[in-house]
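User: I have a model open and want to go through its chain contacts and local geometry. Please take my questions one at a time.

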Amino acid sequence: MNHSELAARFDELDAARALGDISAAEHVEWTRLVQEHGFVPDGQLDALVGGLEASLAPASAKLPPELMKRLQADTVRYTPLAAETPRVTTATVIPFWRQPALGWAAAACFAVVLLIPSSETPTEISPADQRLVLMQAEETIRLDFVGTTDFENLQGDVVWTDDSQTGFMRFSGLPTNDPIQAQYQLWIVDPERDERPVDGGVFDIPVGEDEVLVPIRAALRVDSPVAFVITVEQPGGVVVSKQEIVAAIAQGG
Amino acid sequence: MARPEPHPAVEDILPRVARREPMAMNDCIAQFGGLVWSIIRRYVQPDSEAEDVVQEAFSELWQKADRFDGSKASAVTFIGMIARRRSIDWLRRKQRRPELQPLPADFDQRIPASVAESPRVDLESLHGALQELSDEIRNLLQLHFSQGLTHHEISEQTGLPLGTVKTRLRRGLISLRALMRRSNPPLEVS
């Protein structure tokens with residue numbers, strides 16, 4: 001290929017890059033053209049793609065009110081003060097918007113560290129940022145919780161990755177509990193491991209909190225979870241649940 | 001219907017975010033939330049996952065607002081770029097589109113630096129350039145961007161082979177760039 005043919009080919013590959021549909025083989029070719037022939041990626045193609053998205057989006061679109069509230073609550077993260085606030089540990093259940101979170105870039109720096117076994121997971125990054133990082137991982141699963149009859153107002157989800165044995169649950173509408181009377185307990189169902197579900201830890205829903213983020217503390221290694229079950233148990237939890245009160249279930253399709 | 005370009009004062013929101021001004025992110029969410037939501041929702045379902053991706057998009061905006069250059073692109077163009085990238089990342093994670101192969105870890109996902117000779121991309125000039133494209137290419141772009149159809153879905157709907165859909169979308173984007181450059185030549189620097 002002469003230079004103009006190479007340039008035309010690079011244009012096509014660079015357009016694929018901007019569109020987000022470049023294949024792995026094409027990426028190898030794109031990289032070779034950049035490194036060996038000095039072609040430069042064109043930011044205007046990215047801008048055109050962004051412009052097309054914005055231009056063809058319906059002008060009347062509005063954020064759902066609940067999402068707007070979540071985003072506005074999140075803005076506490078977007079202040080210089082928040083970035084300088086001392087970091088918190090992940091051990092306590094704290095509403096995620098109250099966390100003096102690190103910025104996204106800082107969270108991303110921990111991305112590799114987060115994918116090592118949980119015993120080595122750093123404890124200084126906020127649960128909200130850990131969850132965001134976790135969701136970037138290809139192997140991460142995410143399931144929605146469905147409340148049982150007495151917990152119909154519950155909304156929530158769980159994210160989990162086998163590699164790092166790390167996960168988080170997020171709830172709204174789960175009734176508050178008196179820890180002296182009862183606590184919620186998570187059970188992770190992994191039929192390939194055992195017929196009995198694995199204890200995922202106990203947690204509380206504090207009074208006055210609309211949404212709560214709960215780190216998962218699996219007592220044993222879980223490699224192929226098919227469901228996550230929330231039960232109501234005695235304070236401190238139980239070793240084997242009778243599942244007399246099941247609050248919610250999240251399971252794969 | 002094409003989205004109108006927002007009031008000029010809106011163009012200052014991203015620089016304010018970059019300067020970390022109080023309330024700048026609140027204004028950003030209020031002004032651009034609907035746009036981000038409508039773009040991400042075209043690609044990401046169910047809504048609960050789309051909501052997570054919207055949160056990720058605003059986190060990225062917070063981090064990358066200082067890369068916004070108002071002389072090269074309008075704010076909505078920049079926002080559209082971020083929202084699409086987050087959507088594509090989600091699709092990769094879900095492997096919903098087989099043609100979207102995971103990229104190597106060292107692939108540069110940053111927004112490339114502005115190119116000196118490129119004219120500014122705003123919705124008005126983009127709309128003008130779109131009208132000059134052939135009906136077929138414009139239709140393909142609308143199916144992809146406006147309706148969020150995958151290449152497979154476009155192929156099924158139009159009867160065009162999958163490879164042709166992919167190639168024409170790419171060349172359509174390149175043609176659009178050429179039309180923009182012809183219609184908005186950069187200023188000569190003496």
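**Interface and local geometry**

User: Across the interface of chain A and chain B, how many salt bridges does the rule find?
Analyst: This is a predicted model. A pair counts when a side-chain nitrogen of Lys or Arg lies within 4 Å of a carboxyl oxygen of Asp or Glu. One such pair is B:Asp52 with A:Arg70, at 3.4 Å, N to O. Across the interface of chain A and chain B, the total is 15 salt bridges.

User: How many residue pairs are in polar contact between chain A and chain B?
Analyst: Both residues of a pair must be at pLDDT 80 or more. With that condition, the count between the two chains is 22 residue pairs.

User: Which element gives the largest share of the side of chain A that touches chain B?
Analyst: Several elements of chain A supply at least two residues each, among them helix H1 (3-19), helix H2 (24-37) and strand S1 (141-144). By class, this side has 32 nonpolar, twelve polar and 18 charged residues. The largest share is 13 residues, and it comes from H3(A).

User: What area is buried between chain A and chain B?
Analyst: The contact takes 62 residues from chain A and 74 residues from chain B. Carbon and sulfur atoms give 61% of the buried area. The area itself is about 6100 Å².

User: Which residue does a cis peptide bond join to B:Gln45?
Analyst: Omega is about 5° at this bond.

User: What is the phi of B:Arg20?
Analyst: B:Arg20 is found in the loop between helix H1 (13-18) and H2 of chain B. The residue is not a glycine, yet its phi is positive. The value is about 60°.

User: How many residues apart are A:Arg131 and A:Asp157?
Analyst: Their side chains meet in a salt bridge at 3.1 Å, N to O. A:Arg131 is in helix H8 of chain A, and A:Asp157 is in strand S3 (residues 155-161) of chain A. The pair links distant parts of the chain, 26 residues apart.

Conventions
Residues are numbered from 1 along each chain as its sequence is written. Chains are lettered from A and ligands numbered from 1 in the order in which they are written. This is a predicted model: local features need pLDDT of at least 70, side-chain atom pairs count only at pLDDT 80 or more; totals for chains, interfaces and linings use all residues. Side-chain values use heavy atoms; hydrogens and water are left out. Contact means heavy atoms within 4.5 Å. Buried area is the accessible area (1.4 Å probe) that two parts lose on being put together, summed over both. A polar contact is a pair of N or O atoms within 3.5 Å; within protein, one must be able to donate a hydrogen and the other to accept it, and residues adjacent in sequence count only if both atoms are side-chain atoms. Helices (H or I, at least four residues) and strands (E, at least two) are DSSP runs, numbered from the N terminus. Ala, Val, Leu, Ile, Met, Phe, Trp, Tyr, Cys and Pro count as nonpolar, Asp, Glu, Lys and Arg as charged, and the others, Gly among them, as polar.
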